Amino acid sequence: MVGLWFSAVLLVFAQLEQSQESALLAFRGSIVDDPKGVLEHWSVDKDPCDWRTGELEEEFGNKLTPSDIHSGVTCDADGRKIIAISLRNDGIRGRIPKEIAFLDHLEYLDLDSNRFEGNIPPEIQGLKNLRVLDLGRNGRLMGSIPAELGQLVSLEAMDLAGNQLTGPIPDSFQQLQNLTYLRLGRNQLTGLVPAFLAKLVNLEYLLLHANNFSGAIPSSLALLSNLKQLALSNNKLTGTIPLTVAQNLKNLELLTVYNNSGVCGQLHHYDILPFSDGGTGAGKLSGTSIGRACPSDLPCSPQADVDNNCEFLASYDASLCLNELLSSLCATTCELCQ
């Protein structure tokens, strides 16, 4: 009986290794240019857990990559399950194959600063254990952001910046409750900056700069109490800068709204202190003015924008509209234009 059990376990491990190896070989087969030869040793002649090129000590956002993540392939302590692929800044050109979904124990996928092209495969949703997804600065990834990425509920960091992605931020992203880092800058994304981003209460970095977002800056972003950086510059946003966003985000270190020709309203240092510097007033925004003065005849914010914020807040927590600190989120805000 024990012998049968042991044989079954060996069979499971053999099938796991075969599916992982097949996924990696499919990945290699999708590559058309490997100028540094980093994939040359990806071969059936070697254990996939040895398909690596050395140690990594790169930064992801403001978080140091774990020291046990190698350049190439990293497996778990038992040497059975592939938990990380890191091919950062290797000049690789090709597509991301759908077979990558077979690496269902993967926690870390870093393909930053290469030349990957085409669409992001929706099959990535199969990577249920993924904590870090970095496809930034490839320049050639295009199409819309797959709604299926919203199924990756274990994600803590996502970087899709520096590509040619189009369309809106998927509604499914409101499910990514563990995200601390979301970087979508320098794409061609359109639509509104979604009010539902305020549901991602663990966010510390929200970087949406250099896209084609339009409409008002949602004042519901004031609910992101852990936010350190908010980048909205170089878009097509309109309306006033919500004072509540700056006043309520006590950990805010960086706020950019420049090069939005339709945005007006000035925030001064006394609007946005204290910072996370212990209240010394030495934060990056201290002593500065952000934005431009509004013309005296600018009308109040469109009622649609106000209604959108109220509808979101009511669905999120109806009591918020009664909260004195956040009461202005459910009202028009014309103070900056007076």
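Modeller: Gladly! Tyr181 and Tyr205 are both buried, which means under 20% relative accessible area, with exposed being over 50% and partly exposed in between (1.4 Å probe, protein chains only). This is a predicted model, where local features need pLDDT of at least 70, side-chain atom pairs count only at pLDDT 80 or more, and totals for chains, interfaces and linings use all residues. Residues are numbered from 1 along each chain as its sequence is written, and side-chain values use heavy atoms, leaving out hydrogens and water.

Biologist: How many aromatic pairs does the structure hold?

Modeller: There are three. Rings of Phe, Tyr and Trp (its six-membered ring) pair if their centres lie within 6.5 Å; planes under 30 degrees apart are stacked, over 60 edge-to-face, and the rest tilted.

Biologist: Why is the pair of Phe27 and Trp42 called tilted?

Modeller: Their centres are 5.8 Å apart and their planes meet at 40°, so the pair is tilted. Phe27 sits in helix α1 and Trp42 in the loop between β1 and β2, so the pair ties together parts 15 residues apart in sequence.

Biologist: What makes Phe27 count as buried?

Modeller: Its relative accessibility is 2%, so Phe27 counts as buried. Trp42, at 0%, is buried too.

Biologist: And what are the values for Tyr181 and Tyr205?

Modeller: That pair is tilted, with 5.5 Å centre to centre and 50° between the planes. Tyr181 lies in strand β14 and Tyr205 in strand β16, so the pair joins parts 24 residues apart in sequence.

Terms used
Helices (H or I, at least four residues) and strands (E, at least two) are DSSP runs, numbered from the N terminus.
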